[in-house]
Amino acid sequence: LPFPRFKVQGTHPDCSIVLHFQELEAECLQRIRSERHSPGQAGQGCPTEWDGVSCWPALPLGQSRGVACPEILSVFKKSKGLIQRNCTEWGWSPPSPPYHSACQLETLGSSNDTEAKAHGTPGTRGHFVTMKVLYTCGYSTSLAALLLAIGIFCCFRKLHCTRNSIHIHFFTSFILRGTAVFIKDRVLFSDESIDHCTMSTVTCKAAIAFFQYSVLANFYWLLVEGLYLQTLLLLTFTCDRSYTWGYVLIGWGVPMFTVGVWVLTRLQYDNHGCWDDYSSVYWWVIKAPILLAIFVNFLIFLNVTRMLAQKIRCPDLSRTHKQQYMRLTKSTLLLIPLFGVHYVVFALFPEHVGVDARLYFELVLGSYQGFLVALLYCFLNGEVQAEIRRNWGTWQRSMESNVFNLATQDFTA
């Protein structure tokens, strides 16, 4: 059986577990129906049975069969336990040892319902609850840092320039991404009585579409950061304001067009669920542009590194320009591989490889990327720090002057 896809960018991974068990159940029930309509399959013994976790093929009376723990549960416990059942005169015997013992999981519910078996397991459920708390803290921290950074860039007039304008757009894409995560969680997981793995409403589809747009915008504004840095190095004496609308078109327009095509495609050919099924072939409508942006950014990364070495060695370049290049380059060259390498690695490797690393990197560590961006482009920026110190000094002198004037007036009065 193919291993389930653990894409975590638009859906919680516990849904993959539920859907995986549902697929196994559907295959087992199909086998049971086929055996009922096949006269040769009838006879003494135990028929094929689905016990809520595994499918037990038909077995003659007096024999036993063993199955391994479901492979998907190895995400949480590295167990290779074996469960056995005997075919007796009274039918199938209970699993021995029980699943929770053989597979090193908490006690499963007594219900035979698939979701109760897979999704309701306290051990697996607690695993994802912990990750949800971690990435909620991460996105909250990132949102606070990004809003503060945007406020700093907007408040100080001397920081108004094309470079910082691009940074503000980049920050905004992270804010949209964090907001989309909270909206998605609210729509899909606020009501525990609703099976979010099978729900199919306009609201949940809109939430997933908005999330995909924010992710695409995130990657394309990172691409714009790389393009701007390359343009700055190539066209030193060109007014960069003439490129601003082109950057906006790439950063916001391309994701809008891509998501529009994806939405129309899903509506026409694959309109089921909440559109968070990443095993669908139409997922490549979103995935391919992201991989393209990362690939172009990687080429820019190599080209900028080459050009920067040439610029720094150039004797005709002023010290001010060298410092400007170095400040921007250090931040951008760090972000390009940081944001792109992990996505390429996870996209090219099989889905069952590095599942634990994929979950924690994309869900938990990915939530702090916005904070890192604000730190590099704003809080650690020497130009920003100098402007804040200058305005702080001006404000202090103004306050001291006001206090002195008030004291003088009281004395003369």
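Trainee: What is a salt bridge?
Mentor: A salt bridge is a side-chain nitrogen of Lys or Arg within 4 Å of a carboxyl oxygen of Asp or Glu. Please keep in mind that the model before us is predicted.

Trainee: How many salt bridges does the structure hold?
Mentor: There are five salt bridges in the structure. One of them joins the side chains of Glu49 and Arg85, with N to O at 2.9 Å. That pair connects distant parts of the chain, 36 residues apart: Glu49 belongs to strand S1 (residues 49-50), and Arg85 to strand S4 (residues 82-88).

Trainee: And Arg85, is it buried or exposed?
Mentor: Arg85 is buried, at a relative accessible area of 5%.

Trainee: Which residue does Glu387 form a salt bridge with?
Mentor: Glu387 pairs with Arg390, and their closest N and O atoms are 2.8 Å apart.

Trainee: Where do Glu387 and Arg390 sit in helix H12?
Mentor: They are three residues apart in helix H12 (residues 382-412), so about one helical turn separates them. Glu387 is buried, with a relative accessible area of 8%, whereas Arg390 is partly exposed, with 40%.

Trainee: What about Asp185 and Lys184?
Mentor: Their side chains also meet in a salt bridge, with N to O at 3.6 Å. Both Asp185 and Lys184 are buried.

Trainee: Changing topic: how many disulfides are there?
Mentor: The count comes to three disulfides. A disulfide is a covalent bond between the sulfur atoms of two cysteines.

Trainee: Which cysteine is joined to Cys28?
Mentor: Cys28 is joined to Cys55, with S to S at 2.1 Å. Cys28 is buried, at 1% relative accessibility, while Cys55 is partly exposed, at 23%.

Trainee: Why is the disulfide of Cys28 and Cys55 called right-handed?
Mentor: The torsion about its S-S bond is about 75°, so the disulfide of Cys28 and Cys55 is right-handed.

Trainee: What about Cys46 and Cys87?
Mentor: They form a disulfide too, with sulfur atoms 2.2 Å apart. Cys46 is in the loop between H1 and S1 and Cys87 is in strand S4, so the pair ties together parts that are 41 residues apart in sequence. The link of Cys46 and Cys87 has 100° about the S-S bond and is right-handed. Both cysteines, Cys46 and Cys87, are buried.

Trainee: And the link of Cys204 and Cys274, left-handed or right-handed?
Mentor: The link of Cys204 and Cys274 is left-handed, with -105° about the S-S bond. Cys204 is in helix H6 (residues 202-234) and Cys274 in the loop between H7 and helix H8 (284-313); the pair thus links distant parts of the chain, 70 residues apart. The sulfur atoms of Cys204 and Cys274 are 1.8 Å apart, and both residues are buried.

Trainee: Now helix H7: how many residues does it have?
Mentor: Helix H7 (residues 244-269) has 26 residues. From first C-alpha to last, H7 reaches 37 Å, close to the 38 Å expected at 1.5 Å a residue.

Trainee: Where does the kink lie in H7?
Mentor: The kink, of about 35°, lies at Gly253, shortly before the proline Pro255.

Trainee: Which residues of H7 are buried?
Mentor: The buried residues of H7 include Trp252, Pro255, Trp262 and Arg266.

Notes: Residues numbered from 1 in each chain as written. Predicted model: local features only at pLDDT ≥ 70, side-chain atom pairs only at ≥ 80, totals over all residues. Heavy atoms only, no water. Helix = DSSP H or I, 4+ residues; strand = E, 2+ residues; numbered from the N terminus. Expected span 1.5 Å × (residues − 1). Bend = angle between axes of the 7 residues up to and from the residue. Buried < 20%, exposed > 50% of the residue type's maximum accessible area, 1.4 Å probe, protein only. Disulfide = S-S within 2.5 Å.
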